[in-house]
Amino acid sequence: NLDLARATLQNGLRKLPNNPWLWHGMGQLEMSQGRTDYGIRCYQRAIQEDPAFAHSYHAWGIHEFNNGQIAKSMKILKKGIEYCPTNHRLHHALGDLYRGAKLLKDAERSYKRALEEGPRVSHSFALSALASVSYELGNVDEARRWLYRSIEMNNGRHAQGWLALAEIEEAEGNVGEALKICEAAIIRYEHGLMEARKRYKKGAKPAKPSAKHPYHKPSPK
């Protein structure tokens with residue numbers, strides 16, 4: 001019920017006109033409905049109310065990037081990082097921008113900063129991104145190492161890492177190894193889901209990590 005959602009946000013803004021979360025929420029709603037000019041103005045208002053409000057820098061920067069406004073996107077994301085230097089999502093988004101522009105060393109630095117600043121739950125994505133940069137630089141073995149780290153970071157439940165690893169092997173002509181990786185991914189991913197369901201139902205403590213799968217390679221030191 002979009003009309004009710006909009007009315008709720010408008011009511012909130014009448015009562016709390018300086019709340020950046022409400023302005024950001026309004027921006028998200030308007031952007032989803034194609035009212036991009038007003039959506040951007042809402043992001044700008046959120047930033048005006050709180051210059052360190054990372055969410056609106058991120059959403060606005062991604063929007064400009066997706067619409068081919070690379071220079072504008074870079075300016076927005078860098079401004080966000082200036083005010084929010086420890087926000088991993090801004091560093092990751094800037095890395096994506098650099099990677100899209102083939103500035104791979106800059107992308108690598110941004111992804112490493114995202115890895116450094118981000119919570120553990122975000123590390124798999126930063127590691128996968130670093131693998132992409134390594135592969136594009138021609139460092140295939142290094143790309144594999146980053147991906148194995150990304151997979152192990154969440155006990156095998158990082159589908160993006162498994163997929164990228166299989167795609168690397170396929171691209172390198174190792175079709176049999178790619179198939180083995182897909183099989184291992186299914187086994188470990190589903191096993192992880194079943195274990196999570198058991199813990200949720202029983203309220204038990206997390207089980208000890210299972211033995212490493214046969215395709216595991218050691219992480220770089």
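**View 1. Helices H8 and H9 lie roughly antiparallel to each other.** This is a predicted model, in which local features need pLDDT of at least 70 and side-chain atom pairs count only at pLDDT 80 or more, while totals for chains, interfaces and linings use all residues. Residues are numbered from 1 along each chain as its sequence is written, and side-chain values use heavy atoms, leaving out hydrogens and water. H8 covers residues 120-136 and H9 covers residues 140-153, and the two pack at an angle of about 165 degrees with their axes 8 Å apart. Angles over 145 degrees count as roughly antiparallel, under 35 as roughly parallel, 65 to 115 as roughly perpendicular, and the rest as oblique. The axes are lines fitted to C-alpha atoms, for helices over the stretch in contact, and the angles run from 0 to 180 degrees between N-to-C directions. The helices themselves are DSSP runs (H or I, at least four residues; strands are E, at least two), numbered from the N terminus.

**View 2. Here is where H8 and H9 touch.** On the H8 side, look for residues including Arg120, His123, Leu127 and Tyr135; on the H9 side, they include Val140, Trp146, Leu147 and Met153. Contact here means heavy atoms within 4.5 Å. Sorted by class, the residues of this contact come to nine nonpolar, five polar and three charged. Ala, Val, Leu, Ile, Met, Phe, Trp, Tyr, Cys and Pro count as nonpolar, Asp, Glu, Lys and Arg as charged, and the others, Gly among them, as polar. H8 passes H9 in a left-handed crossing, meaning the near helix is turned anticlockwise from the far one by less than a right angle (clockwise would be right-handed).

**View 3. Zoom in on arginine 120, a residue of helix H8.** With 55% relative accessibility, arginine 120 counts as exposed. The cut-offs are over 50% relative accessible area for exposed, under 20% for buried, and partly exposed in between (1.4 Å probe, protein chains only). Follow the chain for 33 residues and you get from arginine 120 to methionine 153, yet their C-alpha atoms are 8.1 Å apart in space.

**View 4. Helices H1 and H2 make another packed pair.** H1 (residues 2-15) meets H2 (residues 20-32) at an angle of about 155 degrees, and their axes are 9 Å apart. That angle makes H1 roughly antiparallel to H2. Among the residues in contact are Leu2, Leu9 and Leu13 of H1, along with Trp23, Met26 and Leu29 of H2. The tally for this contact is eight nonpolar, three polar and two charged residues. The crossing of H1 and H2 is left-handed.

**View 5. Helices H3 and H4 cross at roughly 150 degrees.** The axes of H3 (residues 36-49) and H4 (residues 54-66) come within 9 Å. Ile40, Tyr43 and Ile47 are among the H3 residues that take part, and Tyr57, Trp60 and His63 are among those from H4. By class, this contact has seven nonpolar, four polar and one charged residues. H3 passes H4 in a left-handed crossing.

**View 6. Glycine 100 sits in helix H6, which covers residues 88-100.** Its relative accessible area is 53%, so glycine 100 is exposed. Phenylalanine 65 is 35 residues away from glycine 100 along the chain, and 9.5 Å separates their C-alpha atoms.
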